[in-house]
Structure formats: structure tokens, C-alpha cells
Amino acid sequence: MVKSRASMAFLLTFLVGSIGIIIFPYLTINPGVLTENHLALKNDCLSCHTLGEGVKTKKCVGCHQLSMIGVKSVSGKSRDIINSKSNLLHNSIIKIQCTDCHTEHNGLSRQNATLNFKHETLAPDLQKECVKCHSPQKPEDEIHILLKAECSNCHNTSGWKPSHFKHEMLGDKKNECRSCHENKRPDNNLHDQIGKTIQCVQCHTTNGWKPSTYDHSKLFIFDRDHPGNCSNCHDVRKSFKSYTCYNCHEHNSDRIRKKHLKEGIRKFKNCVECHRSGEKEIEGRKESNKRNKRGKN
Amino acid sequence: MAFRLVIKKILPFVLTFVTLLIAAVLLHLFLHTSGYKWVLRYLGIAGTFLIILSFVYSLRKRKLIKFGKSKLLLQIHEAMAWVGSLLILVHAGFEFDAVIPRMAVFAMLIVVVSGITGKYLLKQAKNSLKEKRAELLAKKLPEDEIEKELFALSLIADKMQMWRTVHIPLTLIFAAFALLHIITILLFWQW
């Protein structure tokens, strides 16, 4: 009894379902809404599908001739506005199936029908000529106006970002940092005092803002007793060009004066000229003496 | 009293079903949002295989195979059918475009509810048998007499028989819809 009832339920469901599929395929088995232009085919699955094989390119090109894409409609009528990009793209694709780029049953919008598009399907030469399709998208900012190189030097087909920009591509203009980075100049006393006469590249490189290449040790070497805290020696609100060693109790101006005069040194106001570090050994003295002698002569 | 009955006897079965629905929604949303949407297609295949495998119990029960203990195979049937249904629910998602796959999912949910009901009835039956046996033992009846009495306990057998007349046809209705869905996919999809 159960067996026959169960068999009957199975057969009846299968039969009704099959009839439903044959008469109303769009209602019964359609996995999603077709694009607007294909809606007319909604109950004629076999106009696109081949049983057991899916969607084959030969059926697509039966209506959409590659050479006419963007130029003429499927009915053969010339388009009011020719889509040369689309035409170029479809005529330069290498051996691929339409379904490699195009999908269906994904909603009315045509945008959703090309979600599978990959630049790799284009001919290798066209892959490098981005502006042929993307010319209106080229940014007109400081960097891109300066550049004449191919987009693919910095960007890849996976996306505009991340890019691999190299300053070397700017050629002679690569040291004109301010033309692109003016807004990024730090708003602090040090950089305000530097003004516009000194180029950024004198202290920074195109590899990154930090570490800076400015070498303070050419003037004075920091150590534990003389840490690199600017305000210890400089009046940071006024100028980094001037400095003083008398901001600590160790260096008393009277004592320093007496000590130097005792040794016959009269020119001792620019301490770092002789004292390049906190070490007792005087590194700059010989050089300074030479200069003093040259000055006397 | 009635509240205790609901909490103790019915709630665990209701929770089995509610957990299935919640787990399916969460898993589906996770796969959709985490870039693993492509996995959804394969979950349908995995779920179907699990459910088919769970029918080893039915084969054993009808003595078409002779290995395995029925009790263990029943537990495996329940677990595999639950996990299989979960995978199919995750695979199906919340899109309601085509009637056939939707009917398959709907039929599957009814079968799950029916299966859970069967589990509840079976537990009730076992409890009744236990109580009846204890009662007969208290009367100090001989063992063979007790077995005869229990065998004659047709009320429970009737209930389970009635349940079977619903559960098995429902399962086959689900199977018919699922089969139609699989056939149409094989016919129209490009693998």
C-alpha cells in the first residue's frame, strides 16, 4: 500500500513537473532573469542552449556576428551611435567562448551580463593599449598629465589600484616633487624654514619620505648625552640654521671662553666647527686651524 | 504539566528544525559575502550525495542489504539527512526564480519535518513499550507471556505505520523534484 502510494506520488510529481518544464520553462527552471534584449527568448531555451552542452558560441554568433558588434543590431539595422570600442574589442579577442566573458540569467541590466570579462581574453597587443578603450577614464591630475608612458607600466588589468608607480618614469621631472606633493609637505617649523629654495630630494628620496637622507652627523653626531631632540640646541620657533651649546648647565659660556682663551683659541663661537660630537677628541680642529691660517694669510 | 511536556518532549525536535534553518541562513550569507559564492553550486551535489547515502538505512530495514545494525544506521540516516538538507538549503539560498528547484527545497523541508516527527513518535513508542514492560513485570508474568503482550501492542505499530504512509511518499515527491532539477541542470548547464 505504502509502496504503491509512494510510487504513484513519485511518478505523478515527475510527470506534472516534466510537463510544466516543457510548457513553461522560464517559470519552472529559469535560474534568473534574462537581460532585457534576450527576454523575447525566455521560453525558447534551445535558442541559446544546446542540450547536454550548455551555451555554445556557434549559437551566439548565429545572431551576433563579431564584425557587426557595436555597428549593427542583431536585426541588421545600423546603430545610431556606433560603439567602436565594443567593435574593436570583439574583433580582437583571441580564441575564446562567448561565455568566458558573458553571463545570462543575472538580471535585466546588461552590466551584469559581462561580469566574467577578463582582459586576458584580448589579443596581447591590445591588452597593452589601455587608452583604446579607457581614454576617457585617464585621470587629468598632476601625475598623469606629466606621464606619457603606457598605463600598464603602473597599472594592471586586475584593477586601477594598487598601482606600481615608479618616479623614474617622470624622467627629468622626477625631482620636482612639489608639482605633485605640495599638499603633503609637512606643516612644521623645520619645513617652513627650509622654504622653497631647497629641493625635497636633498633630504628625501623617491623610495619614501622616511628615512630622510639628511645627515645631521656631518655637522654634529648625536649620542646619549646629546640626543637628537631639536629644541635642545635650536630655537625651533625661529631658525634651525642657528644653534647654541649653552642650553645645558655643563656648557657655561664664561667657563668655555676662559678655557679656549687659555689655549689661545679666539674663534670659538661656532662650537661644532671643531666639536663634531660629544667626544673630547676634537675632530674638526685641524681643518678649522687650516681655515684660520688661510684666513690670516 | 503541559509546559514541562512541551519543554522536555517537543522542544528538542523543534530545535532540530530551527537550528537547520538558522545554520543554513548563516552559512549562505557567509559564503555569499566572503567571496566563496562558487562553493554554493557544489554544496547542492554534496548534500544530494549525503541524502542518498543516508538511505542505506532504508535498504537495511527492507533487508535488501544485511550488514550494519538498524539502530546505528537509523542514527546515521538522521544525521546524514540533516547535514545533507543543510547543504542543499545553503545551496538553494533565498532566490525564488524557478518553480522546480523551489518545490524541491519546499518538499525537502516537509520531509525533514516529517522525519523529525517520526523520530518523536519512535521515542514515544519506545517509552510506551518500556512502561508496558515494567507494568507486566510488576504483575510477575513470565517472560514469554510479556513478549506476547508487547507484540500485541498494535497501537504504536499503527501510529508508526501511519507515519510511514506519509513520510515515504513525501520523500519520493522530494526525490522527483530533485531529479527534475538535476536533469535540467545536466541538460542546460555547461560543465
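At what angle do helix H2 (residues 39-54) of chain B and H4(B) pack, and how far apart are their axes? The legends below start with that pair. This is a predicted model, in which local features need pLDDT of at least 70, side-chain atom pairs count only at pLDDT 80 or more, and totals for chains, interfaces and linings use all residues. Residues are numbered from 1 along each chain as its sequence is written, while chains are lettered from A and ligands numbered from 1 in the order in which they are written.

**View 1. Helices H2(B) and H4(B) pack together.** The angle is about 160°, with the axes 7 Å apart (axes are lines fitted to C-alpha atoms over the stretch in contact, and angles run from 0 to 180 degrees between N-to-C directions). H2(B) is therefore roughly antiparallel to H4(B), a label for angles over 145 degrees. Helices here are DSSP runs (H or I) of at least four residues, strands (E) of at least two, and both are numbered from the N terminus.

**View 2. Residues where H2(B) meets H4(B).** Look for Leu43(B), Gly47(B) and Leu50(B), among others in H2(B), and for Met80(B), Gly84(B) and Leu87(B), among others in H4(B). Two residues are in contact if their C-beta atoms, placed from the backbone, lie within 7 Å. The residues of this contact divide into 13 nonpolar, eight polar and no charged (Ala, Val, Leu, Ile, Met, Phe, Trp, Tyr, Cys and Pro count as nonpolar, Asp, Glu, Lys and Arg as charged, and the others, Gly among them, as polar).

**View 3. Trp82(B) in helix H4 (residues 70-92) of chain B.** Trp82(B) is buried because 20 other C-beta atoms lie within 10 Å, and the cut-off for buried is 20 or more. Its C-alpha atom is 9.1 Å from that of Leu50(B), a residue 32 places away along the chain.

**View 4. The side of chain B that touches chain A.** Here 20 residues of chain B are in contact with 25 residues of chain A. H7(B) gives the largest share of this side, 14 residues. By class, the chain B side has 15 nonpolar, three polar and two charged residues.

**View 5. Confidence along chain A.** Mean pLDDT (the predictor's confidence in each residue, from 0 to 100) is 81 for chain A, and 93% of its residues reach 70 or more. Helix H2 (residues 25-28) of chain A is highest at 93, whereas helix H11 (residues 285-296) of chain A is lowest, at a mean of 48. Over residues 291-297 of chain A, pLDDT stays under 50.

Key. A residue is buried if 20 or more other C-beta atoms lie within 10 Å of its own, exposed if 12 or fewer, and partly exposed in between; C-beta atoms are placed from the backbone. Angles under 35 degrees count as roughly parallel, over 145 as roughly antiparallel, 65 to 115 as roughly perpendicular and the rest as oblique.
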